Amino acid sequence: MDEEAPGPSRLQPVLPSPLQPAGDERFARHGVTLLLKRDDLIHPDLPGNKWRKLAPNLRAAAGRTVLTFGGAYSNHLRATAAAGRLLGFPTVGVVRGDELAHRPLNPSLAQCAADGMRLHFLDRAAYRAKTAPRVLEDLLSRFGECLVIPEGGSNALAAQGCAELGRELRDRAGTVAVACGTGGTLAGLAAGLGPGQRALGIPVLRGGFLGETVRGLQREAFGAPAGRWSLDERFHFGGYARTTPELHAFADDFEDRHGLAVERLYVAKLLYGLTVLAGEGAFAPGTTLTAVVTGRPRGGRDAGHTPSDSR
């Protein structure tokens with residue numbers, strides 16, 4: 001990310017983010033060196049891929065209202081609202097589920113509101129059609145001229161921002177792995193890596209659709225497919241925001257081994273998947289494997305107990 005650019009650079013992000021060794025016999029016994037790319041340390045309010053995806057979009061907004069989408073516990077909504085508060089621009093959050101409009105705000109949405117975000121609740125059918133012209137036209141007629149950022153923040157600008165993550169890791173690892181939701185981080189990461197490196201995505205959603213999404217984002221952002229990347233779709237633990245006792249036990253153990261608070265919905269699934277893959281011999285002896293820590297728990301070890309409609 002260009003730290004001389006106006007706007008988000010005023011927030012003094014920690015870039016490049018730290019790259020830390022994580023000595024772990026589950027990898028070492030297979031000749032694999034595990035490193036952690038601590039993107040969770042980039043900024044306290046816009047950590048990890050939230051910074052990398054939002055910063056170029058906020059520069060494009062140039063102070064205009066930013067309108068974006070998310071579920072009731074959306075990390076993306078909270079990061080956008082925090083950016084609006086810190087940088088002084090208006091934000092609108094379009095929230096899935098109009099039934100929530102008549103309930104007390106949960107802590108996540110309450111934080112968005114406290115940061116100045118205007119919340120607008122859509123019924124679930126309209127939310128599914130949120131990219132349809134008629135829905136967008138209605139939103140823009142209601143809120144005026146806005147920069148519209150998609151759910152999860154993944155668009156061409158976001159992928160371009162995440163390419164810097166790959167550039168920071170050039171010649172530092174053979175394989176770089178990241179948990180995937182909407183695909184923007186993987187699309188940019190792969191494009192930024194150098195020759196001989198590859199990116200591995202661990203989707204946290206079911207469905208098998210993410211490959212085409214990543215290819216589409218790369219075409220939009222870079223004009224063509226970029227870099228070497230692949231997906232392993234076995235480690236979603238039932239789908240987005242779903243966890244199991246096995247996953248929590250793994251994350252607790254990883255925390256004890258490495259002193260790292262492990263976010264459950266993305267990072268734990270990534271680290272679990274990499275541990276399984278190492279045991280399967282998926283990484284050749286001598287491989288340096290980097291896991292991107294894209295976020296941190298909201299509040300300690302209970303962070304994984306997030307309602308299932310979160311995003």
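This is a predicted model: local features need pLDDT of at least 70, side-chain atom pairs count only at pLDDT 80 or more; totals for chains, interfaces and linings use all residues.
Me: How many aromatic pairs does a search of the whole structure find?
Reply: The search finds six aromatic pairs. One of them is formed by Phe237 and Tyr272.

Me: How is a pair of aromatic rings described?
Reply: Two quantities are used, namely the distance of the centres and the angle of the planes. For Phe237 and Tyr272 the values are 4.9 Å centre to centre and 80° between the planes. This pair is edge-to-face, because an angle over 60 degrees counts as such.

Me: Where do Phe237 and Tyr272 lie?
Reply: Phe237 belongs to the loop between β9 (229-231) and α10 (245-258), whereas Tyr272 is part of helix α11 (residues 267-279). The two parts are 35 residues apart in sequence, so the pair ties them together.

Me: Is Phe237 buried or exposed?
Reply: Phe237 is buried, as its relative accessible area is 15%. Tyr272 is also buried, at 16%.

Me: Which residues form the aromatic cluster?
Reply: One aromatic cluster is made up of Phe235, Phe237, Phe250, Phe254 and Tyr272. The edge-to-face partners Phe237 and Tyr272 are thus among its members.

Me: Changing topic: how many cavities of 30 Å³ or more are found?
Reply: The search of the whole structure finds one cavity of 30 Å³ or more. The largest cavity holds about 40 Å³ of space.

Me: What lines the largest cavity?
Reply: Its lining consists of Gly181, Pro203, Leu205, Arg206, Gly207, Gly208, Phe209, Leu210 and Glu233. These lining residues divide into four nonpolar, three polar and two charged.

Me: Now the strands. In what order do the six strands form the open sheet?
Reply: The order is β1-β2-β10-β7-β8-β9, and the pairing is mixed.

Me: Which strands stand at the edges?
Reply: β1 (19-21) and β9 do. Each has a single partner strand, so one side of each is left without a neighbour in the sheet. On average, neighbouring strands of this sheet are turned by 25° against each other, direction ignored.

Me: How many bridges join β7 to β10?
Reply: Three bridges join strand β7 (residues 175-180) to strand β10 (residues 288-292), and the two strands run parallel. As an example, Ala177 has Ala291 in β10 as its bridge partner.

Me: Last topic, the backbone. Is the peptide bond from Leu15 to Pro16 cis or trans?
Reply: The bond is cis, with omega near -5°. Pro16 is found in the segment before β1.

Me: What is phi of Gln12?
Reply: Phi of Gln12 is near 55°, which is a positive value in a residue other than glycine. Gln12 also has its place in the segment before β1, and it counts as exposed at 66% relative accessibility.

Me: And phi of Ala62, what is the value there?
Reply: Phi of Ala62 is near 50°, again a positive value in a residue other than glycine. Ala62 is found in the loop between α2 (48-61) and β3 (65-70). Ala62 is exposed, with a relative accessible area of 65%.

Note on methods:
Residues are numbered from 1 along each chain as its sequence is written. Side-chain values use heavy atoms; hydrogens and water are left out. Rings of Phe, Tyr and Trp (its six-membered ring) pair if their centres lie within 6.5 Å; planes under 30 degrees apart count as stacked, over 60 as edge-to-face and the rest as tilted. Helices (H or I, at least four residues) and strands (E, at least two) are DSSP runs, numbered from the N terminus. Buried means under 20% relative accessible area, exposed over 50%, partly exposed in between (1.4 Å probe, protein chains only). On a 1 Å grid over the protein atoms alone, a cavity is a set of points where a 1.4 Å probe fits but cannot get out, and a pocket is an open set with protein on both sides within 12 Å along at least five of seven lines; lining residues have an atom within 4 Å of a point. Grid points are joined across faces, edges and corners, and a volume is the space filled by probe spheres set on the points. Ala, Val, Leu, Ile, Met, Phe, Trp, Tyr, Cys and Pro count as nonpolar, Asp, Glu, Lys and Arg as charged, and the others, Gly among them, as polar. Two strands pair if DSSP finds at least two bridges between them. Axes are lines fitted to C-alpha atoms, for helices over the stretch in contact, and angles run from 0 to 180 degrees between N-to-C directions.
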